[in-house]
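Subject: Structure handover

Hi there,

Here is the structure I promised to pass on to you. Have a look at it first, and then read on for what I found.

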Amino acid sequence: MDKEKMENIDEKEKEVNDCSQKETDTEEILEETIEGNDENIDCEPAFKIKSLENKLKEQEEAYMRINAEYANYRRRTAEEKRTIGLYANEKVMTSLIPVIDNMERALDSFEDKENSLYVGVEMVYKQMMNALADAGMKEIPAEIGSDFDHNMHMAVMQEPSEEHDEGKITMVMQKGYSLGDKILRATMVRVSC
């Protein structure tokens, strides 16, 4: 019986040793896990901060792009409104140019500049020209002796001239008009060659 008791005691000691070994292994694993988590805990905030900084930078760049796009949109629409407003009357102004020509011819045909009819037609002519100028229409300058500009003038004749150099305007045959940057009708001129 002593032998049996001894065997039981040995078995119990083995079980206790096994349990203590398991506890030691478990403690080591737990310590390793905690140490690993400590490293993760130290790295995790730095990673999160870096990640959040990157997201913030991306959002700031997106905001800047959207802001720039909106500024461009506002500029474009303002420019379109300005040009639409300016060129909205282009057709009417173009149709009034022959009326202006006829009024100038009528004024030129009067011999008596003191005549009340002449004064009345001149007043209407000036009033119409002021209204058109207020709407943006301008006469294209073309003086005798000035340089010919193919962008604003239309040469309908050429003549040799002793008093003007080559490429100079020698006669204005018909006035030209512009609306803003757009030519409604080019000035018809005779040019020296």
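**Salt bridges**

Arg190 and Glu159 are joined through their side chains by a salt bridge, at 3.2 Å from N to O. Arg190 sits in strand S6 (residues 187–192) and Glu159 in strand S2 (residues 153–159), so this pair ties together parts that are 31 residues apart in sequence. Arg190 is buried at 19% relative accessibility, while Glu159 is partly exposed at 23%.

Before I go further, a word on the ground rules. This is a predicted model, in which local features need pLDDT of at least 70 and side-chain atom pairs count only at pLDDT 80 or more, while totals for chains, interfaces and linings use all residues. Residues are numbered from 1 along each chain as its sequence is written, and side-chain values use heavy atoms, with hydrogens and water left out.

As for the terms, a salt bridge is a side-chain nitrogen of Lys or Arg within 4 Å of a carboxyl oxygen of Asp or Glu. Buried stands for under 20% relative accessible area, exposed for over 50%, and partly exposed for what is in between (1.4 Å probe, protein chains only). Helices (H or I, at least four residues) and strands (E, at least two) are DSSP runs, numbered from the N terminus.

How many salt bridges are there by this rule? The count comes to seven. Another of them links the side chains of Lys175 and Glu139, at 3.7 Å from N to O. Lys175 is in the loop between strand S3 (169–174) and strand S4 (177–179), and Glu139 is in strand S1 (residues 137–139), so the pair ties together parts that are 36 residues apart in sequence. Both ends are partly exposed: Lys175 has 28% relative accessibility and Glu139 has 41%.

Glu122 and Lys126 form a salt bridge of 3.8 Å, N to O, and both lie in helix H3, four residues apart, about one turn of the helix. Glu122 is partly exposed at 24% relative accessibility, and Lys126 is partly exposed as well, at 47%.

**Two residues in the helices**

Glu104 belongs to helix H2 (residues 90–109). Is it buried or exposed? Glu104 counts as buried, because its relative accessibility is 14%. Leaving aside neighbours within four places in sequence, Glu104 is in contact (heavy atoms within 4.5 Å) with Tyr125, Lys175 and Tyr177.

Val119 is placed in helix H3 (residues 116–134) and is partly exposed, with a relative accessible area of 34%. Val119 and Leu107 are twelve residues apart in sequence and 9.1 Å apart in space, C-alpha to C-alpha.

**The nonpolar core**

A nonpolar core here is a set of buried Ala, Val, Leu, Ile, Met, Phe, Trp, Tyr and Cys residues joined through side-chain atoms within 4.5 Å. The largest one has 16 residues, of which Met93, Ile100, Tyr125, Leu132, Met137, Tyr177 and Leu184 touch the most other members. H2, H3 and S4 each supply at least two residues of this core. Not counting residues up to four places away in sequence, Ile100 touches Tyr125, Met128, Met129, Leu132, Met137 and Tyr177.

**The two sheets**

Two strands pair if DSSP finds at least two bridges between them. Three strands make an open sheet in the order S1-S4-S5, with antiparallel pairing. S1 and strand S5 (182–185) are its edge strands, each pairing on one side only. Three bridges join S1 to S4, and Lys138 stands opposite Ser178 in S4. H2 lies across S1, S4 and S5 and runs at about 45° to S5; axes are lines fitted to C-alpha atoms, for helices over the stretch in contact, and angles run from 0 to 180 degrees between N-to-C directions.

Three strands also form an open sheet in the order S2-S6-S3, where the pairing is mixed. S2 and S3 stand at the edges with a single partner strand each, so one side of each is left without a neighbour in the sheet. The twist from one strand to the next averages 30°. S3 and S6 pair in the antiparallel sense over four bridges, and Met171 stands opposite Arg190 in S6.
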